[in-house]
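Subject: Handing over a structure, with notes

Dear colleague,

Please look it over first and then read on.

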Amino acid sequence: MPDTSGVPEFPFGGQTGAEPVWVEPLPTVPRMATRPKNRPLLHLVLLLATFYTVTLTGALSEASRLGLPPLQSGMQLISPAFLALGLPYSLCLMTILGCHEMGHYIACRRYGVDASLPFFLPSIPFPIGTFGAFIRIREPFPSRNALFDVGVAGPLAGFVVMLPILVYGIATAHPVPIPTGVDYYYSDDPLLLTWLSQWVGPAIPEGYTIFLSGPLMAAWVGCLVTAINLFPIGQLDGGHICYAISSLFHRRASLAGIAGFIALGLLLSPSWLFFAMLLLFFGPKHPPLIDESEPLSSGRRLVALLALIILLICFIPRPLSQVES
């Protein structure tokens with residue numbers, strides 16, 4: 001029903017000869033456009049806690065590579081000399097994750113979409129020292145083009161930063177003997193790492209492998225994070241991209257993607273079941289846009305193809321598997 005407050009009303013069906021009766025508009029209470037505020041202290045505490053757990057992870061890994069004795073006391077967990085071993089890993093990984101999230105944040109600012117600063121999530125040191133990072137988007141996206149730009153900006157920014165770190169890590173890598181007689185963990189390599197190893201990596205003799213040094217380990221994690229985020233599921237970055245292309249196709253792709261994670265967990269690596277559980281918890285749905293009618297530009301469809309290629313070359317079939325002696 002149209003708003004007719006403050007408009008002259010004509011009684012008896014709007015007789016034009018009658019004297020108009022002015023109806024005063026009802027008083028309205030002004031609404032404050034309140035937005036949740038960022039909490040810089042919380043963001044800083046999470047950032048520092050994540051930096052510590054990631055640095056500790058890198059230090060433990062580097063100590064293992066150097067053949068240093070196991071930790072003798074808890075004091076080593078805060079020893080500057082010991083933690084310094086993990087700085088190459090933590091500095092590289094935090095840069096990759098930070099650029100990924102800032103890509104989203106800057107794209108949100110460009111379109112006037114209210115979003116929080118990045119939340120970094122610490123974890124126990126094993127296996128990578130963090131659960132990643134995210135920003136909280138606190139209002140609907142205005143259009144398909146805006147949703148696409150915000151969704152793709154993070155993976156592209158993280159990939160651009162990760163690529164030179166990966167090249168440096170491969171170029172400076174040293175082959176080490178494959179462990180024998182002990183249990184150890186191994187992981188598959190993404191196609192990108194395999195290709196670059198053929199161009200800039202060292203020759204690997206039979207019975208040897210490349211140990212993931214700090215920068216190389218950070219780039220490996222960057223590949224894993226990029227690939228997972230680009231899956232067209234729910235509100236992952238790939239889900240944003242998929243919804244921007246076709247909201248009808250998005251839900252089907254989300255359900256198929258979750259089923260794919262379950263299949264990967266049952267057939268290749270149980271670690272994928274953890275991601276499947278998280279995706280089932282958050283659900284396959286995507287919130288609607290303010291304007292669903294605007295089509296996605298053709299140039300952005302080409303960028304979506306680039307994002308798919310990045311997903312394929314960064315995907316790691318078995319992120320972590322144990323080999324028993």
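The secondary structure of the chain comes to 11 helices and six strands, and please keep in mind throughout that the model is predicted. Of the 325 residues in the chain, 40% are buried. Among the contacts in the chain with a separation of 6 or more, 76% are accounted for by residues 24 or more positions apart.

On confidence, the chain has an average pLDDT of 85, and 83% of the residues score at least 70. The highest confidence is in helix α4 (residues 87-111), with a mean of 97, while the lowest is in helix α1 (residues 11-14), with a mean of 37. Over residues 1-32 the pLDDT is below 50, and this stretch has 13 contacts in the model beyond near neighbours in sequence, a point to bear in mind when you look at that part of the picture.

Next, the aromatic rings. A pair of aromatic rings is described by the distance of the centres and the angle of the planes. In the whole structure, a search finds nine aromatic pairs. One of them is formed by Phe119 and Phe134, which are stacked, at 5.1 Å centre to centre and with 15° between the planes. Because Phe119 lies in strand β1 (residues 119-122) and Phe134 in strand β2 (residues 130-134), the pair ties together parts that are 15 residues apart in sequence. Phe119 is buried, its relative accessible area being 12%, whereas Phe134 counts as partly exposed, at 36% relative accessibility.

The rings of Phe261 and Trp272 make another pair, and it is tilted, because the planes stand at 45°, with the centres 5.3 Å apart. This pair links distant parts of the chain, with Phe261 in helix α9 (residues 247-267) and Trp272 in helix α10 (residues 271-282), 11 residues apart. Phe261 is buried, with a relative accessible area of 1%, and Trp272 is buried too, with a relative accessible area of 0%. Both belong to a cluster that ring pairs link together, made up of Phe231, Phe261, Trp272, Phe274, Phe275 and Phe315.

Helix α9 also takes part in a packing of helices. The axes of helix α8 (residues 237-245) and α9 come within 6 Å of each other and cross at roughly 145°, and the crossing in which α8 passes α9 is right-handed. On the side of α8 the contact is made by Gly239, Cys242, Tyr243 and Ile245, and on the side of α9 by Ser247, Phe249, His250 and Ala253. Sorted by class, this contact of α8 with α9 has five nonpolar residues, three polar ones and no charged residues.

Cys92 is found in helix α4, the helix where confidence is highest in the chain. Cys92 counts as buried because its relative accessible area is 16%, which is under the 20% cut-off. Leaving aside neighbours within four places in sequence, Cys92 is in contact with Ile165, Pro215 and Ala218. From C-alpha to C-alpha, Cys92 and Met217 are 9.1 Å apart in space, although 125 residues apart in sequence.

With kind regards

Key. Residues numbered from 1 in each chain as written. Predicted model: local features only at pLDDT ≥ 70, side-chain atom pairs only at ≥ 80, totals over all residues. Heavy atoms only, no water. pLDDT = per-residue confidence, 0-100. Helix = DSSP H or I, 4+ residues; strand = E, 2+ residues; numbered from the N terminus. Contact = heavy atoms within 4.5 Å. Phe/Tyr/Trp six-rings, centres within 6.5 Å; stacked < 30°, edge-to-face > 60°. Buried < 20%, exposed > 50% of the residue type's maximum accessible area, 1.4 Å probe, protein only. Axes fitted to C-alpha atoms, helices over the stretch in contact; angles between N-to-C directions. Left-handed = near helix turned anticlockwise from the far one by under 90°. Nonpolar A, V, L, I, M, F, W, Y, C, P; charged D, E, K, R; others polar.
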